[in-house]
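Please read this note with the structure open beside you.

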Amino acid sequence: MPTRRDFAKFVLAGGAGMLAPRELFSAPAEAPAPPQSADEKFDLLVEGGTVIDPSQNLNGAFDVAIKAGKILEVSKNIPKDRALKTVSAKGRIVTPGFIDMHAHGYDGVSIGMTADRYCLGRGVTTMVDAGSAGSATFPNFRKYIINTSVTRIAALIHISPIGTIMFDGGLANLSWLNPQATAKMATDNRPVVVGIKIQLSKGITGANDLEALKSALQAAEIARLPLMVHIDDPYSPLPDILKPLRKGDIFTHCYNNHTHGILDPSGKIIPEAREARDRGVIFDPAQGQTHFSFDVAEKCIQRGFLSDTISTDLTVVTVEGRVFDLPTMVSKFMAIGVPLEKAVAMVTANPARVFDYGAQIGTLRPGSEADVSIFEVREGQFDFEDSDGLKRIGQKMLTSKAVVRRGQLFVNGV
């Protein structure tokens, strides 16, 4: 497997009403930009594919021209002789580069996986690291991982100074939490850092989850950034946790089936979840090892409560089973009834609006970052598993065939 430094030199191996109508996720209909001058040359042409770009309401046959790491033009029948290099996407779909809004990429530390293999190598051009590092450990994470990865890695700073907690009671001692230090590390490292993170599970916080949440919210307020809250089997009832969350904060692991979940005992969505969504809280599934239930997801979708995004909680464990990668998670959501175009929006346009990445991503609009994913949509019978090993059968599977990251083409052999 190529190293991060060598990665760029090698071929890689390895319905419309479901979302609540909120300004955050609204996008006006736009036609493709008019063609550039006929004699203008560009670096790369992705031709012959079906372009699905929800940010522009595009779904049809278009070519994509790229120059100097930016999208230059999206239109029909762009002449090949204008391109220095052409890649055929015939019979495939072309989308903005996928964005995984919850993964762990501190490679070699704790549960971190290798982003260039399991993200870029699977059609994901941007991943948000969900708090693998805290104020004491982030500098090395940035120096050795973020700065050397081809995959764009945005990061959340964990309220724990050491990052993601993997041991019981790791946040129960509130003296560990330093909102000022967390906020300073976040502010000093923008735009690489896009938010703050906390884990609220009773095994991690004990009875102190609401106090720990106050510290994390304080850090987010100081830094003027969103807060992502891992909520799964918390000590306190979910309504008490949702109440202080602000517009733009994220409830991740929203489809878990553990105590104090999104459904009441009768299987209905608790009113506090709908109230949180109405005021702009983002709902994100992030399956991980233990956080996603088909039954919960299906009941929520049937009741008009589709999550805003699709993410993985990808780690060294989940890349090997049940989750695998973001295209598999997209295929999993399609298996439970989410249309392809809606699912693509949930990994492109929607997560692009959740954070300020310091770059225009999640779109193929001319002038945006030239991050492009090319997928084959395989037809057949595919088994998908939730965190309890329960299965659903889907008829479609997305498989990455190539990816463009900041204008550079990588062919995926998986």
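1. **Ala335.** Ala335 has 25% relative accessibility, so it counts as partly exposed. The cut-offs are these: buried means under 20% relative accessible area, exposed means over 50%, and partly exposed lies in between, with a 1.4 Å probe and protein chains only. Ala335 sits in helix α10. Helices (H or I, at least four residues) and strands (E, at least two) are DSSP runs, numbered from the N terminus. Leaving aside neighbours within four places in sequence, Ala335 is in contact with Phe384, Ile393 and Gly394. Contact means heavy atoms within 4.5 Å. Ala335 and Met397 are 62 residues apart in sequence, yet their C-alpha atoms are 9.1 Å apart in space.

2. **What you are looking at.** This is a predicted model, in which local features need pLDDT of at least 70 and side-chain atom pairs count only at pLDDT 80 or more, while totals for chains, interfaces and linings use all residues. Residues are numbered from 1 along each chain as its sequence is written, and side-chain values use heavy atoms, with hydrogens and water left out.

3. **Helix α10 as a whole.** How many of the 10 residues of α10 are buried? Nine are, so the helix (residues 326-335) is mostly covered. Among the buried ones are Leu326, Met329, Val330, Phe333 and Met334. Lys332 is on the buried list too. The buried residues pack against β6, β7 (124-134), α9 (294-302), α11 (340-345), β13 (372-385) and β14 (391-405). After α10 comes Gly337, with a positive phi near 105 degrees.

4. Side chains of opposite charge can pair when their charged atoms come close. A salt bridge here is a side-chain nitrogen of Lys or Arg within 4 Å of a carboxyl oxygen of Asp or Glu. By this rule the count comes to 19. One of them joins Lys214 and Glu211, whose closest N and O atoms are 3.2 Å apart. These two are three residues apart in helix α6 (residues 209-223), so about one helical turn separates them. Lys214 is exposed, at 51% relative accessible area. Glu211 is partly exposed, at 39%.

5. **A bridge from loop to helix.** Arg246 and Glu221 also meet in a salt bridge (3.5 Å, N to O). Arg246 lies in the loop between α7 (238-242) and β11 (250-252), and Glu221 lies in helix α6, so the pair ties together parts that are 25 residues apart in sequence. Glu221 is partly exposed, with 47% relative accessibility.

6. First, Arg322 forms a salt bridge with Glu385, and the closest N and O atoms are 3.1 Å apart. This pair links distant parts of the chain: Arg322 is in the loop between α9 and α10, Glu385 is in strand β13, and they are 63 residues apart. Salt bridges that share partners also join Lys70, Arg152, Glu369, Asp371, Arg405 and Arg406 into one network. Second, Arg322 has a positive phi of about 65 degrees although it is not a glycine. Both partners are partly exposed: Arg322 at 33% and Glu385 at 24%.

7. **Backbone points to check.** Ser110 is not a glycine either, yet its phi is positive, about 55 degrees. Ser110 is found in the loop between β6 and α2. Is Ser110 buried or exposed? It is exposed, at 54% relative accessible area. Thr114 lies in the loop between β6 (98-103) and α2 (115-118). Thr114 is buried, at 13%. Leaving aside neighbours within four places in sequence, Thr114 is in contact with Asp107 and Cys119. Elsewhere, the peptide bond from Arg190 to Pro191 is cis, with omega near 5 degrees. Pro191 lies in the loop between α4 and β9 (193-200).

8. **Surface patches.** Patches are made of residues with over 30% relative accessible area and no salt bridge; like charges are joined within 9 Å, and nonpolar side chains (Val, Leu, Ile, Met, Phe, Trp, Tyr) within 5 Å. Ile162, Phe167 and Trp176 form a nonpolar patch, with about 280 Å² of accessible area together. Accessible areas come from the Shrake-Rupley method with a 1.4 Å probe. Trp176 sits in the loop between β8 (152-158) and α4 (179-188). Trp176 is partly exposed, at 36%. A positive patch is formed by Lys268, Arg274, Lys299 and Arg303. Lys and Arg count as positive. Arg274 lies in helix α8 (residues 271-278) and is partly exposed, at 34%.

Definitions and conventions
The place of a charge is taken as NZ of Lys, CZ of Arg, CG of Asp or CD of Glu.
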